[in-house]
Amino acid sequence: MKGICILGATGSIGVSTLDVVARHPDRYKVVALTANKNIDALYEQCLQHRPEYAVVVDENKAQLFTEKLKNSELSDIKVLSGSEALEKVATLDTVDSVMAAIVGAAGLLSGLAAAKAGKTVLLANKEALVMSGDIFMQAVTDSGAHLLPIDSEHNAIFQCMPGGYTAGVRAKEARRILLTASGGPFRNMPVEQMANVTPDQAVAHPNWDMGRKISVDSATMMNKGLEMIEACLLFDMSPEQIQVVIHPQSVIHSMVDYIDGTVLAQMGNPDMRIPIAHAMAWPERFDSGAKPLNIFEVRHMDFEEPNLERFPCLRLAYKAMKAGGTMPAVLNAANEIAVEAFLNEQVRFTDIPVIIERCMDATKIRPADSLAIVLEVDQQARIMAKQIIDELKN
Ligand code: NAD
Ligand code: MG
């Protein structure tokens, strides 16, 4: 029986994780659930899963949540608030596995704390890894933590690596990674129309049901850019070894090309419970609840090279990773601010890459050799991105 802490339990990945947990009550006990503000969803999850701890990061909402629990059958659940509480629950002795499923930089410190504490880290929060890069990977190596990718592509690549593979190690026989992408909702839209797309159009992903931020990232293909960086770190490869492949059916979730000419692919329906169940059961397998793949319904699969003029965010991610140091942290921070501004209808869809590139061009690269530097660079890039947004609005 393993204890699990789910950081970001009320989000899309958190909900899918609890669905898998509920199928295996003999294997997993929920120790802690966390949410930012959504206390109604958290309450329902607490009713079903009876965690020992519930974290509500927002202090006001945490107070309301405490009131709500007081006179209920859930009064023995310990409620914590503030972002430090995330680190506390991620490192509890009774926790074996931590699902890192907070969106964006807000998940960095808790994910890193879990890695440092030697937990089995189920990593969905790609932004944390992109920002902190080698610092995160070194924490995993130093503590002997297991790092298992939840992002469907990286989970697929992990499954296509040689037996007994450990994240962070270069598999010498693997020469290239083929990182698949659906191409998002605007794959075929004329480029000149992309300036006018609305937040609702951008979050309507053709194949996957996800949180709003990652849905916009998929539409700009920054998601694939962040994933390219994530793949370099998880599999110790260079950006040149990662080829992005547009595969609109999302049946193949990525491939590994070996030196003997073998290409291994992992396939399945686009259902995040598959990578989640893979990582939770690893090195065994168990039921995820996903429908079996009907290959006859798939019928055919297409593959295209991405167009970097249509998707400048992908080009920027390669530029940031090749530049190295703190540049991926700048890319990530500027993207988070630009996407939020787009969702709030303050800037256009096509302004997103403009904001990011201006931030990158105005920033001097530093070696990302401490967490303090990464956090400082992250804050500076956010301030700069907000200034650029103000200029664009006027
Ligand atoms: P989501 O928006 O649905 O959920 C985000 C979760 O993070 C929520 O539980 C929310 O309460 C919490 N959160 C938000 N801001 C917070 C803050 N400041 N402090 C603490 N908690 C906070 O997002 P999602 O789609 O579940 O994505 C989560 C992560 O998983 C992202 O990094 C995303 O890139 C990655 N991911 C998601 C999918 C997917 O299918 N949804 C696939 C691959 C990777
Ligand atoms: Mg993905």
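Tutor: We take the ligand shell and then one residue. This is a predicted model, in which local features need pLDDT of at least 70 and side-chain atom pairs pLDDT 80 or more, while totals for chains, interfaces and linings use all residues. Residues are numbered from 1 along each chain as its sequence is written, ligands are numbered from 1 in the order in which they are written, and side-chain values use heavy atoms, without hydrogens and water.

Student: How many residues surround ligand 1, and which are the closest?

Tutor: A residue is near a molecule if one of its heavy atoms lies within 4 Å of it. Here 22 residues surround ligand 1, with T10, S12, I13, E127 and G211 the closest. Helices α1 (12–23) and α6 (126–132), DSSP runs of H or I with at least four residues, each supply at least two shell residues.

Student: Is T220 buried or exposed?

Tutor: Buried means under 20% relative accessible area, exposed over 50% (1.4 Å probe, protein chains only). T220 has 5% and is buried. Contact means heavy atoms within 4.5 Å; beyond four places in sequence, T220 touches F311, C313, F349 and I352.
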